[in-house]
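Try each task before reading its solution.

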Amino acid sequence: MSDPITRAKTVLAAQNIELPSWAFGNSGTRFKVFTQEGVPRDPFEKIADAAQVNAYTGAAGSVALHIPWDKVEDYGALAAHAANEGVRIGTINSNTFQDDDYMLGSVCHPDPKVRRKATAHLLECVDIMDATGSSDLKLWFADGTNYPGQDTIAGRQARLVEVLAEVYERLGEGQRLLLEYKLFEPSFYTTDVPDWGTAYAHCLKLGPKAQVVIDTGHHAPGTNIEFIVAILLREGKLGGFDFNSRFYADDDLMVGSADPFQLFRIMHELVSQEVVGPDSGIAYMLDQCHNIEAKIPGQIRSVMNVQEATAKALLVDAEALAKAQAAGDVLEANAVLMDAYNTDVRPLLAELREEQGLAADPMRAYAASGYAERITSERVGGAQAGWGA
Ligand code: RM4
Ligand code: MN
């Protein structure tokens, strides 16, 4: 049996954290989208930037696309470009929230014509999965209502069931539908997929290819997310994560920045069920926007934060913890967990990177590389990518 450090390194070396293409574009709040120099003008440049994050962390081998933000003529060429840059295309995210037709919803809209349009978009996303070799379709719906009486809650659920079933039927071999939930916003009275229970009920009805995505920013304050993780894992319905941090609502800040202890507790659930690896069937993705900080280093820092939380979770003395739990030793059990959390794992990760032929400090190595200066001088003209808020 190898020692805990070696075991931790083996798991960490295999860990993959998927990057969101939209994190490299301009973003902001509904008050202002700030532009930054050197921001990508197209999906090819977004992938090149994401590849930088992978080059310095060795842990971010895939990039999620968002359609239509990342629409291109030739998806095969985009996938080939990704491979050339040392990464691959991951999850395809649908977007049914930025068209005037969707003011009253998309897949739950009262007008069948609008539902048809939204469904066609979701089916197009599956076509893109076929063309890029992506296996996951991630659905987040902005659907909901603002006022009591505006629409029927039950009727909207029935419409949702119909659309989801049609999309599910279209999935090919090895493809999954990942359903994301969010408490509120942009709707303020009802949201059609507001919580894990609703997402779970829909996924259960759809079948084994449908699973739930937990976006860590999509809960009410104080929600015990690790409990949701444990339940969905038990039921085989945890499809993946959209990692980010929040102080208030869906803040989309860097994962592990607002509440590193929460991230550790989530990773502890996953590590104890041995589902951190790439073969676990759980997609570990970031869903963030870097509104005021530099984007590539923002992503590097985020990947490092996930790695640190994972490393700490891997250092939990499982045997000592089980023993204390069985003996009802509350204080000892808690101490075992906290010992791991309070371990400085940065030297372990630095060592691992050096063993992998990477620089010990990805932030510094990227800063010294000159890439930021290069894209600033080269990417002049054209329209910068952004999410258009
Ligand atoms: C949504 C949701 C989705 C993401 C968009 C950008 O709030 O989290 O996962 O695709 O934002
Ligand atoms: Mn998300």
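Predicted model: local features only at pLDDT ≥ 70, side-chain atom pairs only at ≥ 80, totals over all residues.

**Exercise 1.** Decide whether Arg234 is buried or exposed.

*Solution.* Start with the cut-offs: buried means under 20% relative accessible area, exposed over 50%, and partly exposed in between, using a 1.4 Å probe and protein chains only. Arg234 has 69% relative accessibility, so Arg234 counts as exposed.

Side-chain values use heavy atoms, with hydrogens and water left out, residues are numbered from 1 along each chain as its sequence is written, and chains are lettered from A and ligands numbered from 1 in the order in which they are written.

**Exercise 2.** Find which protein donors hold the manganese ion (ligand 2).

*Solution.* Donors are N, O and S atoms within 2.8 Å of the metal (3.2 Å for Na, K and Ca); water is not among the atoms, so sites may look incomplete. Here the protein donors are Glu180 (OE), Asp215 (OD), Asp242 (OD) and Asp287 (OD), at 2.1 to 2.2 Å from the ion. Now locate two of them: Asp215 lies in strand S10 (residues 210-215) and Asp242 in strand S11 (residues 238-243), so the pair ties together parts 27 residues apart in sequence. Finally, check accessibility: Asp215 is buried at 0%, and Asp242 is buried at 0%.

Conventions. Helix = DSSP H or I, 4+ residues; strand = E, 2+ residues; numbered from the N terminus.
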